[in-house]
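Morning, everyone. Please bring up the model on your screens. I'll take you through a few spots, one at a time.

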Amino acid sequence: STIQVVPVGGDARDGRPTVKAAFPSGSGWPPVVPIVIEFSESIYENSILPTSSTAQDARIILRVKGTTQPITCIYDFVAQGRVLVMRPATGLTNQQNPVYEVVMFPDGTDVDGVPFLVSGTESVLAEFECNQSDTIHDGRILTTYPRDNARDANRETAYYVFFDRPVNAI
C-alpha cells in the first residue's frame, strides 16, 4: 500500500508535502551529529525508509558530497511522522575534510500517498562538515520541534529538543 493511517496527533494536508527544514548545515559539527528533517505534515514512513542494510533504496540518505554511496544510518520518525531523525551507524569523519549531503530522491510520499516534488533525480536538503575541534566537549541544541515561532504547530504537540551529540538524561 502507498498510504498509511494518519498517526494519532498527526497531520494530513491538501497538496504536496514539503521539507520545512533540515539540520545540520554549515561547518563546525561533531562527528556524532544526528540529521533532523522537519516535514510539513505526517510522512508515509515506508516510502522513505530503506529496505536493505546498504540503504540503496532509501528515499532520503546521507552521503559524502560527490559520491553516490549512502552512509548507513538508523532512521527514526518522531512527532507523529513529521520529523525524521537519521543517526549514522558509525561516527562521521573529518579526515580529508569531507562535506556531507542529506539528499532526497523521488517517490517519498505523505501519509495519503501524495509525493514530494523532487526536481530531477535528487534534491540536496542540507550540506555540512564534521570539523568541530576535539577540545569542544559541550553539546549544543541542533534544533527543536516545533521550532521557535512556528506558525502551524498544534497546541497538543509535544516539544522535542535535538542535540548535536548524545546526552545523558537526568
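In which loop does Ala 79 lie? It is the loop between β4 and β5. Keep in mind that this is a predicted model.

Stay on Ala 79. Its phi is near 55°, a positive value in a residue other than glycine. Most residues other than glycine have a negative phi. Is Ala 79 buried or exposed? At 1% relative accessibility, Ala 79 counts as buried, because the cut-off for buried is under 20%.

Now go to Asn 97, in the loop between β5 and β6 (100–104). Phi of Asn 97 is also positive, near 50°. But Asn 97 is exposed, with a relative accessible area of 53%.

Next, peptide bonds. Most of them are trans. One runs from Phe 23 to Pro 24, with omega near 0°. Pro 24 sits in the loop between β1 (19–23) and β2 (35–39). The other runs from Tyr 145 to Pro 146, with omega near -5°. Find Pro 146 in the loop between β8 (141–145) and β9.

On to the largest pocket. It holds about 340 Å³ of space. β4 (73–78), β5 (83–88) and β9 (160–163) each give two or more residues to its lining. The lining has 17 residues, and Pro 34, Val 85, Arg 87, Phe 163 and Pro 166 lie nearest the centre. By class, 12 are nonpolar, two polar and three charged.

Last stop: the surface. Ile 141, Tyr 159, Val 161, Phe 163 and Val 167 make a nonpolar patch of about 470 Å². Val 167 is in the segment after β9.

Key. Residues numbered from 1 in each chain as written. Predicted model: local features only at pLDDT ≥ 70, side-chain atom pairs only at ≥ 80, totals over all residues. Heavy atoms only, no water. 1 Å grid on protein atoms, 1.4 Å probe; cavity = no way out; pocket = protein on both sides within 12 Å on 5 of 7 lines; lining within 4 Å. Points joined across faces, edges and corners; volume = space filled by probe spheres on them. Helix = DSSP H or I, 4+ residues; strand = E, 2+ residues; numbered from the N terminus. Nonpolar A, V, L, I, M, F, W, Y, C, P; charged D, E, K, R; others polar. Patch = residues over 30% accessible without salt bridge, like charges linked within 9 Å, V, L, I, M, F, W, Y side chains within 5 Å. Areas by Shrake-Rupley, 256 points an atom, 1.4 Å probe, with all protein chains shown as cover. Salt bridge = Lys/Arg side-chain N within 4 Å of Asp/Glu carboxyl O. Buried < 20%, exposed > 50% of the residue type's maximum accessible area, 1.4 Å probe, protein only.
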